[in-house]
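Hi everyone, thanks for coming.

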Amino acid sequence: MESSMKRVMIVDALNMYFRAYIVDPSLSTNGQPIGGLKGFLKILQKLSRDLKPDMVVICWDGPGGSLKRRQIVKEYKLGRKPIRLNRETNLSENEELENKVWQQTRLLDYLNQLPVVQYMFPEIEADDVIAYVAQSAQFAGWEKIIVSSDKDFLQLCDEETVLFRPIQKKVHNRNNVVEEYGIHPKNFAIARAIAGDKSDNLKGISGAGLPTIKKRLPFLEKNKEFSLREIIEYCQGFRADDKRRPKFYEAVTTNEDIIRVNYRLMQLYNPSLSRQTQNKIEYGLTNFAYDYNRTEFIKMMSADGFGTFNWTDLYAIMNRISVDKPLH
């Protein structure tokens, strides 16, 4: 991904941590699972080597998830299965949980030794922080690369912002989102609101997946943001007594309330953040010190029984960021 623009890499941290935790079989020298911690750092090294960012911003889901979204829909994200290793260990269920939490907590300490900005706010989801950072005036004229497997971030793709989905090994930009889905990023949130999202326990319109939405609402591919009212009026334009009228249009018009609530939860164009939190994010970007404590980072790995691994590229990239101080 060569570009003359400065580049910020914005990481959906919990998404990346869980991926590493599940798939990386690494054990410490004392035999404890350490794949979430070590795997995250290995992925960070590869991403930094491949994407060559001038700055890295790592965003975590805060304790308690999104309070604002749960106040709107109390069932939001309920029923998700707990994250478990995909292999057998010598740990009990409680020990495995303790180990998983320890790895994540310890990872925060490791990242604090690197010149990367790290955000976590109580009862605020990473999605909103990522969306705010990507749209911050601090990065006007920069290339923003959001790293996450979450499709919700497709709505943020524009002339400067792309989504890299590591599991799919695919970079999404504004143009290929339209080509693949027939839906412009400006309208992706409303399309997702109609379709719903099972992973977040948000019921959509029955039978209304993205391919159906593309077919029945072809105008959503335009570089224009359409409102729910315009979509409802379009659907109402098909005569109810016409037997050839697809059921989709009636389903949309009779479930306007569901779509409206889903949109409030799913849209990231206006992140669900208080002014106070926005100010904290801006202050963090403006005043970040870019400190890099390589010696402490290495000491921590030794103490945690990392074993051998070549971190040369990570050290070099972090040193460059620390020296360049891109926002100063």
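I'll talk about the sheet, then a few residues around it, and then the aromatic rings. Keep in mind that this is a predicted model.

Okay, the sheet. Quick reminder before we look: strands of a sheet pair through backbone hydrogen bonds, and they can do that either parallel or antiparallel. Here we have an open sheet of six strands, and if you go across it, the order is S3-S2-S1-S4-S5-S6, with mixed pairing. So which strands stand at the edges? They're S3, residues 117-119, and S6, residues 170-172. Each has a single partner strand, so one side of each is left without a neighbour in the sheet. Neighbouring strands are also turned against each other, by 20° on average, direction ignored.

Let's zoom in on the S3 end. Strand S2, residues 55-59, is joined to S3 by three bridges, and the two run parallel. In that pairing, Cys59 stands opposite Tyr119 in S3. Then there's helix H1, residues 13-23, which lies across strand S1 (7-12) and S2, running at about 65° to S1.

For Cys59, the nearest cysteine sulfur is that of Cys157, and that's 16 Å away. A disulfide needs the two sulfurs within 2.5 Å, so Cys59 is in no disulfide. Is Cys59 buried or exposed? With 0% relative accessibility, Cys59 counts as buried. Cys235 is buried too, with a relative accessible area of 0%.

Now Val116, which you'll find in the loop between helix H4 (93-111) and S3. Its relative accessible area is 3%, so Val116 is buried. What is Val116 in contact with, leaving aside neighbours within four places in sequence? The answer is Val56, Ile58, Leu111, Phe288 and Met318.

On to the rings. We describe a pair of aromatic rings by the distance of the centres and the angle of the planes. The structure holds 16 aromatic pairs. One of them is Tyr110 with Phe306: that pair is stacked, at 5.5 Å centre to centre and 25° between the planes. Tyr110 lies in helix H4, while Phe306 is in the loop between helix H13 (294-303) and helix H14 (312-324), so this pair ties together parts that are 196 residues apart in sequence. Both Tyr110 and Phe306 are buried.

Compare Phe309 and Trp311. Their ring centres are 4.7 Å apart and the planes are at 55°, so that pair is tilted. Phe309 is partly exposed, at 36% relative accessible area, whereas Trp311 counts as buried at 5%. All of these belong to one aromatic cluster, made of Tyr110, Phe297, Phe306, Phe309, Trp311 and Tyr315.

Elsewhere, there's a charge over a ring: Lys224 lies over the face of Phe226, at 4.1 Å from the ring centre.

Last one, Asp304. This residue is in the loop between H13 and H14, and at 12% relative accessible area, Asp304 is buried. Not counting residues up to four places away in sequence, Asp304 touches Ser28, Ile34, Leu37, Trp102, Arg106 and Tyr110. Tyr110, remember, is the one stacked with Phe306.

Note on methods
Residues numbered from 1 in each chain as written. Predicted model: local features only at pLDDT ≥ 70, side-chain atom pairs only at ≥ 80, totals over all residues. Heavy atoms only, no water. Buried < 20%, exposed > 50% of the residue type's maximum accessible area, 1.4 Å probe, protein only. Pairing = 2+ DSSP bridges. Helix = DSSP H or I, 4+ residues; strand = E, 2+ residues; numbered from the N terminus. Axes fitted to C-alpha atoms, helices over the stretch in contact; angles between N-to-C directions. Contact = heavy atoms within 4.5 Å. Phe/Tyr/Trp six-rings, centres within 6.5 Å; stacked < 30°, edge-to-face > 60°. Lys NZ or Arg CZ within 6 Å of the ring centre and 35° of its normal.
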